[in-house]
Amino acid sequence: MKKGLPMKRYVVRRLLMAIPLLLAISFVCFCFINLIPSNPAEVALRVQQTPVITDEIIAAMEEQLGLNKPFFVRYFDWVLGCLHGDFGISYVNPKRTVAGELLRCLPATLQLAGTSFLSSWRCSVSPSASSVQSIRTAGLIKLCADWSL
Amino acid sequence: MSEPYYPMLTELACIRPFAMISPNCMINGSTKDGVNGHIGTGPYVLTDFVTDEYAVFERNENYWGEAPAIRKITVKVIPDNQTRIMALESGEIDLIFGKNMIDADAISQYVDSDKFTVGLSDPTSTRHIVMNTTHEILGDPAVRRALQHATDRQTISDGIFYGLEQPADTLYATTVPYCNVGLKPYEYSTETAAQLLDEAGWVLGSDKMRAKNGKQLALDLLYNSDSVTEKTISEYLQSEYLKLGISMTIHGEEEQSYRDNMKAGNFDMVFNICWGTPYDPQSSLAAMRAPVYGDYAAQQGLEDKAEIDEAITKILTSTDDAERQELYKSVLTNLHEDAMYLPLTYECNKALYTSALHGVHFGTDQYDVPFADMYFE
């Protein structure tokens with residue numbers, strides 16, 4: 001127990017430190033996205049193939065996307081939404097939510113990443129297997145990798 | 001509506017981006033939050049779908065017209081060009097249909113095939129270059145006409161599109177409603193082009209480049225860097241114009257930046273594609289009257305801009321077909337003689353399908369796939 005405490009404290013500290021770091025990264029990303037010269041409302045309308053994009057339609061889209069709000073308000077709206085699991089909607093197809101798209105793609109991503117992880121593990125462990133135990137472990141990993149493939 | 005609007009029925013019949021829907025399918029009186037059903041009157045019924053994977057359509061047994069021959073159609077989403085062709089080759093799919101579903105290079109390999117058939121529609125839209133009439137060199141109609149004569153559309157059609165996109169003589173093909181108005185094409189002739197430039201004062205110097213009052217005949221062509229085709233055409237035109245003593249720089253920008261520049265009029269010459277059926281000519285001409293695309297900015301140097309805009313407005317509200325035809329003729333003739341649109345080729349809808357499939361043809365709308373007329377032997 002006594003040995004575990006510093007490690008626990010270390011992990012908790014690292015996790016707490018990750019919060020401001022994630023906020024800082026998200027803010028920098030948000031700033032960069034805002035530097036893109038094209039008007040996002042207009043781009044969304046173009047991507048949705050709206051035939052005639054008038055100033056009125058652009059203004060309506062800006063309102064819909066919340067782009068008419070001040071910069072910091074938009075950022076905090078986005079952060080609050082994220083904390084509630086709402087990552088926004090897809091501007092290519094507003095019927096789809098970003099969270100929904102992530103969930104839809106997650107199984108295939110996990111399958112692909114898991115397979116590649118097991119394959120690389122198998123490749124890296126097998127050559128270094130010198131003891132019987134290692135060979136057994138490598139055999140088990142190989143079996144798992146073969147199944148996953 | 002406060003005034004008559006003749007394309008109303010055409011627009012109501014469009015299948016995208018807006019379509020008619022039963023009010024019973026709406027959620028809270030709108031489609032903003034999705035729909036609770038897909039009710040239509042067509043020959044097929046959507047029975048199953050997985051987003052971005054497939055959609056299954058089965059024959060509508062209550063269809064009011066003749067029952068289609070094929071009972072069930074599965075539309076698969078295959079994003080990659082080469083994968084689509086491999087799926088067709090392996091028999092996984094029977095038909096690839098659409099304007100940009102198969103590139104010219106790939107489709108040309110199946111032209112003489114027994115196993116597969118290639119189908120090409122009438123022109124759906126026109127690939128062209130817009131010249132900015134507010135530009136100090138391109139503001140001169142003689143220079144614009146010279147460029148029209150200096151462009152070998154046949155070579156572009158044969159060399160880049162393997163003949164699958166036919167050379168375009170006018171902004172709209174003669175098969176487009178109201179557009180068969182007898183316009184005289186600008187014939188490919190480098191001699192005529194050179195003569196026009198000479199007469200306009202752009203004479204060849206000892207460096208084989210043209211200049212006028214010490215200013216070089218230098219232009220810039222903007223293209224969408226996402227389009228390999230536009231880049232290839234740009235490079236070809238650059239080398240061809242150089243032979244006439246015209247220095248043309250070409251530069252590509254990613255799609256959104258390209259479109260921003262286009263709308264703002266930040267270009268000498270820029271690639272564009274007409275809206276296509278069923279929006280041509282009425283909707284694309286109507287859009288020229290406002291800063292929506294590049295046309296508005298590029299037309300500001302035209303002496304007859306006000307006259308053209310007025311005629312377009314009259315066309316849209318006219319209830320007399322003969323009057324509309326006359327007005328269209330006047331607008332299209334003015335734009336053709338102003339020579340600011342450099343037509344290149346006519347895009348068309350393409351189908352590549354197994355030869356066992358029959359009845360494949362193209363609808364009036366470029367997004368219409370007439371499945372109901374298809375059958376297997």
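A salt bridge, as the term is used here, is a side-chain nitrogen of Lys or Arg within 4 Å of a carboxyl oxygen of Asp or Glu. By that rule, four salt bridges cross the interface of chain A and chain B. Please bear in mind that this is a predicted model.

One of these contacts joins E42(A) and K263(B), whose side chains form a salt bridge at 2.8 Å, N to O. Regarding the interface as a whole, 16 residues of chain A touch 16 residues of chain B. The two chains bury about 1400 Å² between them, with 45% of it on carbon and sulfur atoms. On the side of chain A, R46(A), P51(A) and K95(A) supply 39% of the area buried against chain B, more than any other three residues.

Let me turn to the helices. Helix α2 of chain A, residues 40-47, packs against helix α8 of chain B, residues 255-264, at an angle of about 105°, and their axes are 11 Å apart. The two are therefore roughly perpendicular to each other. From α2(A), the contact involves E42(A), V43(A), R46(A) and V47(A); from α8(B), it involves Q256(B), R259(B), D260(B) and K263(B). Classified by type, this contact has two nonpolar, one polar and five charged residues.

Finally, the sheet. Chain B holds an open sheet of three strands in the order β3-β4-β5, paired antiparallel. Strands β3 (44-50) and β5 (72-76) of chain B stand at the edges with a single partner each, so one side of each has no neighbour in the sheet. Between β3(B) and β4(B), residues 54-59, the antiparallel pairing runs over six bridges, and L46(B) stands opposite F57(B) in β4(B).

Note on methods: Residues are numbered from 1 along each chain as its sequence is written. Chains are lettered from A and ligands numbered from 1 in the order in which they are written. This is a predicted model: local features need pLDDT of at least 70, side-chain atom pairs count only at pLDDT 80 or more; totals for chains, interfaces and linings use all residues. Side-chain values use heavy atoms; hydrogens and water are left out. Axes are lines fitted to C-alpha atoms, for helices over the stretch in contact, and angles run from 0 to 180 degrees between N-to-C directions. Helices (H or I, at least four residues) and strands (E, at least two) are DSSP runs, numbered from the N terminus. Angles under 35 degrees count as roughly parallel, over 145 as roughly antiparallel, 65 to 115 as roughly perpendicular and the rest as oblique. Contact means heavy atoms within 4.5 Å. Ala, Val, Leu, Ile, Met, Phe, Trp, Tyr, Cys and Pro count as nonpolar, Asp, Glu, Lys and Arg as charged, and the others, Gly among them, as polar. Two strands pair if DSSP finds at least two bridges between them. Buried area is the accessible area (1.4 Å probe) that two parts lose on being put together, summed over both.
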